[in-house]
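Let's take a walk through this model together.

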Amino acid sequence: MGTHSFQAPKGTRDFYPADLAVRRHIEAAWRSASVDCGFDEVDGPTFEHLELYTAKSGEGIVNELFSFRRAGGESDYALRPEFTPTLARMIAAHAGSLPIPVKWFAIPSMFRAERPQRGRLREFFQWNIDIAGVEGAPHDLDVIACGILALERLGLPPRDVQVRISHRAALARMLAALGVPADKTADAMALLDRRDKLKPEEFAQRAGALGLSADGIARFDTAARATQPLSAPLAELAAKIGVSPDEFAALDELRAHASRMGILEWCSVDIGIVRGLAYYTGTVFEFHEISGAERALAGGGRYDGLVELFGGPKMPACGLGMGDVVLANALRDRNLLPSDGATLLPRPDVFVISAGGEAAEAELPKLVMSLRRAGLHVRTTSKTTRNVGKLLGEAGKARARLAVILGAELADGQVAIKDLDAGSQRLVPISAIADEARRSQP
C-alpha cells in the first residue's frame, strides 16, 4: 500500500504551538475584556438543525453553509456559521429563569462554505458578546465599549480603528424625508448596504427605481456616503443630506452616552452602515481599521425580535461579533504581534539539569514532579548528555527563567540555581527552589 501526502482542507488552518500562542493571545484580550465588562462565558454545539439558520436568514443562506444529513436520519444539520442563533435559542429555552440582563460571551469556531480569500476563511474563530433583556443606547454602547476595551489591550488606538455607527430607526426616518415610499424602505436600506460594491451609475439607477426624483437621488447618494465623527454636531450631517436634525435623534442619544463613557473619539457616524441582516432593529455598527486594507474587524447591532422568533418571549438584545482572521491581519500590519509567535508561549519557571552522578539522576524526576505539584511550569531534557553547558543552552532556548543544576552540592542538601535572564548563579537549599522560582515570576 502506497503512502499519500495529506494537507489541511482549503480555507482551514493548522495551529502549531507558535501559531496557537498568537491565537490565544488574541483570545485572552477578548476573554479579559468580556469578564471585566461583566459578561459570562457560554458555548453551544458545533452544529445545529439547519432550520435554525433558515428561520433567521432565509433559504438563501443554505449555499453558504456546510450542511449535511446523518445517514439514516431525517433531520438536516449545518455547522454553525455564526453564534447568534444558538445564543437566541439558548435564551429562549430558559428565558423565565435567566437573570436580566443576560450578558454572555463566547469564542467558538465558525464554518462558512465560501471561497477563501484574505481575511475570510472557511473555518475561523469569532468573539461574540451579547446583552439581552434590556434596551437603549447605554446597553448598545456597553457592547461597543467592550469591543473597544479588547482592541486597546491588543495595542490598537482610535487613530487606527473607528467604530462606524448608524441606526435603523434614524435611517428609516431619513429615507422617508428623502421621499422613499414606506414599501421601498427595505430596498433602500439594501441599496445603502451595497454602496461600496456598485458603480456610481448603477447606484443612481437603482436609487431611481426607489421612486426618487433627480434631487432625491442626489441627496440619497450624499446620504449613502455621509460620515463624520460622532462628536460633531448632527445638525451638520442633516444639513449636508437636506433633512431635519430630528431624523437623527437616535444617533444623538448614542453620542451623549459615548461621551459619558469616554469612548467618543473611537466613534463616527456612517449613514451607509446598514448591516444587511434583516433582523437588526436599531443601532448598527462596524469596527473598521483606518487604512481600509481589511474587511471590517467586527460588526453588530440591536436585534430585538430574534429570541421571540425562536420560541422565547419578546426580548430586546444587542450583540457584537469579531473574527480572529481579519483582526490578526490588522495587528500584524501594525507590528502588534511578534514575528515569532513562540515568544508568546508560556515561559518555564524552572529547567532542571543533572550534572551527572547517581544521586543527581535519582533526585531529578522526584524534584521535577514535586515542583510541578507546587504549581510551577517545569521542564527537563530528554537528551542523554550531561554536559552542563549544552543543557544550559537548551534551557535558554526553552526560555526558562531559572535553571536548577543538580550536582555535587546535593550531598549537602543544596543545588545551584542560575538566573537565565540575569546570568547570575548561587547555591540554595533544595527545599527553597519553589520559593525562588515564584520570586522570579513576573
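Two strands count as a pair if DSSP finds at least two bridges between them. Helices (H or I, at least four residues) and strands (E, at least two) are DSSP runs, numbered from the N terminus. Please keep in mind that this is a predicted model, in which local features need pLDDT of at least 70 and side-chain atom pairs count only at pLDDT 80 or more, while totals for chains, interfaces and linings use all residues. Residues are numbered from 1 along each chain as its sequence is written, and side-chain values use heavy atoms, with hydrogens and water left out.

Start with strand β17 (residues 414–419), which is antiparallel to strand β16 (residues 402–406) and joined to it by four bridges. On its other partner, strand β18 (residues 425–429), β17 also runs antiparallel, with five bridges.

Now turn to the helices. Axes here are lines fitted to C-alpha atoms, for helices over the stretch in contact, and angles run from 0 to 180 degrees between N-to-C directions. Helix α5 (residues 168–178) and helix α8 (residues 214–224) have axes that come within 10 Å and cross at roughly 155°. That makes the two helices, α5 and α8, roughly antiparallel (over 145 degrees).

What about the aromatic rings? Rings of Phe, Tyr and Trp (its six-membered ring) pair if their centres lie within 6.5 Å; planes under 30 degrees apart count as stacked, over 60 as edge-to-face and the rest as tilted. The count by this rule is seven aromatic pairs. In one of them, the ring centres of F47 and Y77 are 5.5 Å apart and the planes stand at 85°, so this pair is edge-to-face. F47 belongs to strand β2 (residues 47–49) and Y77 to strand β4 (residues 76–79), so the pair ties together parts 30 residues apart in sequence. With F68, these two residues, F47 and Y77, are linked into a cluster by ring pairs.

How accessible are they? Buried means under 20% relative accessible area, exposed over 50%, and partly exposed in between (1.4 Å probe, protein chains only). F47 is partly exposed at 40%, whereas Y77 is buried at 18%.

Methods:
Parallel < 35°, antiparallel > 145°, perpendicular 65-115°, else oblique.
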